[in-house]
Amino acid sequence: MLAQESSKNSRRNFIGTTVKAAVVTALTGSQLNALASNHKVTSMLAGEVSPTLVGTSFTQLPLPYAYTALEPFIDALTMEIHYSKHAASYAKNLQDAAAAENVNTNGNLEDVLQKISSYSTKMRNNAGGHYNHELFWNCMKPAPAVAPTGILAAAIKNSFGTLEAFKTQFADAAKNRFGSGWAWLVVGTDKKLAIGSTANQDNPLMDVSAFKGFPLLGIDVWEHAYYLKYQNKRADYITAWCNLVNWDFVAARYEKAMQ
Ligand code: MN3
């Protein structure tokens, strides 16, 4: 899917990320935690020493499933355009911004997001855009578990009462985000779950964001994420999207954040 890239550098990145994606796709939650312990682990929450799963690459990873895999909830053409055009552009523009602003693209993208106010608007839009989409693809999977288990299930019950109540509040945040943006489930610095939203390609890791935390789950409510199938009916897209939530992935992020 990145075959159009032809430079040696891109080829090398493609080979490296293909291997990583193949590994990640096959992992269970507990395996993800084991993998994370072998990677650089740093605090994601300003002022907190809280090891969490980090290390988002500056390059676009292969989509962990086929464009058709999320049908009937998200159609293949939307997935293809979203991944290969929109998200690919954020990744490319992030590389351009990083080159212009002397950012080491072998580092962690999270480090840039946490001090995004010291970079350009181009960096803010594209670092956010790239990070959010890399997370988004993994927040969805075909035929996922219908509910979380383990400590995430308990935390959702604790914070929202029931899973249904959580879904309603999360969907409301997504519906009520005016214009383009994202709705999120995060772990805050108080270690509690919270639901909120951000505009454009901002996210809760950014120092400029009014809503902060470590993102566990994010839904893209830009029209490019749903317009071909759902047109103006954002609420219908959100309802359908809830059938795709990859609870194992969300739980793995939560468990890591709480360690
Ligand atoms: Mn998008």
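Asn 102 is exposed, with 72% relative accessible area; exposed means over 50%, buried under 20%, and partly exposed in between (1.4 Å probe, protein chains only). This is a predicted model, in which local features need pLDDT of at least 70 and side-chain atom pairs pLDDT 80 or more, while totals for chains, interfaces and linings use all residues. Residues are numbered from 1 along each chain as its sequence is written, and side-chain values use heavy atoms, without hydrogens or water.

**Backbone features**

Asn 102 has a positive phi of about 55° although it is not a glycine. Its place is the loop between α3 and α4 (109–114). Helices (H or I, at least four residues) and strands (E, at least two) are DSSP runs, numbered from the N terminus. Ala 143 also has a positive phi, about 45°, and is not a glycine. Ala 143 sits in the loop between α5 (121–139) and α6 (150–160). Ala 143 is exposed, at 74% relative accessible area. The peptide bond from Glu 71 to Pro 72 is cis, with omega near 5°. Pro 72 belongs to the loop between β2 (51–52) and α3.

**The manganese site**

Four residues are named as donors: His 82 (NE2), His 133 (NE2), Asp 220 (OD) and His 224 (NE2) coordinate the manganese ion at 1.9 to 2.1 Å. Their spacing in sequence is H-x50-H-x86-D-x3-H. His 82 lies in helix α3 (residues 76–100) and Asp 220 in strand β5 (residues 214–220), so this pair ties together parts 138 residues apart in sequence. Both His 82 and Asp 220 are buried. Donors are N, O and S atoms within 2.8 Å of the metal (3.2 Å for Na, K and Ca); water is not among the atoms, so sites may look incomplete.

**Aromatic pairs**

The structure holds 12 aromatic pairs. Rings of Phe, Tyr and Trp (its six-membered ring) pair if their centres lie within 6.5 Å; planes under 30 degrees apart are stacked, over 60 edge-to-face, the rest tilted. Two pairs are set out here.

| Pair | Centre to centre | Angle between planes | Type |
|---|---|---|---|
| Phe 166 and Trp 247 | 6.0 Å | 65° | edge-to-face |
| Phe 170 and Trp 241 | 6.2 Å | 20° | stacked |

Phe 166 in helix α7 and Trp 247 in helix α10 (residues 247–257) are 81 residues apart, so the pair links distant parts of the chain. Phe 166 is buried at 2% relative accessibility, and Trp 247 is buried at 3%. Phe 170 lies in helix α7 and Trp 241 in helix α9 (residues 234–241), so that pair joins parts 71 residues apart in sequence. Phe 170 and Trp 241 are both buried. One aromatic cluster includes Phe 166, Phe 170, Trp 241 and Trp 247, with Tyr 67 and Tyr 83 also among its members.

**Cavity and cysteines**

The count is 1 cavity of 30 Å³ or more. The largest cavity has a volume of about 30 Å³. On a 1 Å grid over the protein atoms alone, a cavity is a set of points where a 1.4 Å probe fits but cannot get out; lining residues have an atom within 4 Å of a point. Grid points are joined across faces, edges and corners, and the volume is the space filled by probe spheres set on them. Phe 166, Lys 167, Phe 170, Leu 217, Cys 242, Val 245 and Trp 247 line the largest cavity. Helix α7 (residues 163–176) gives the largest share of this lining, 3 residues.

Cys 242 is buried, at 18% relative accessibility. Cys 139 is buried too, at 0%. The structure holds 0 disulfides, a disulfide being a pair of cysteine sulfur atoms within 2.5 Å.

Terms used. 1 Å grid on protein atoms, 1.4 Å probe; cavity = no way out; pocket = protein on both sides within 12 Å on 5 of 7 lines; lining within 4 Å.
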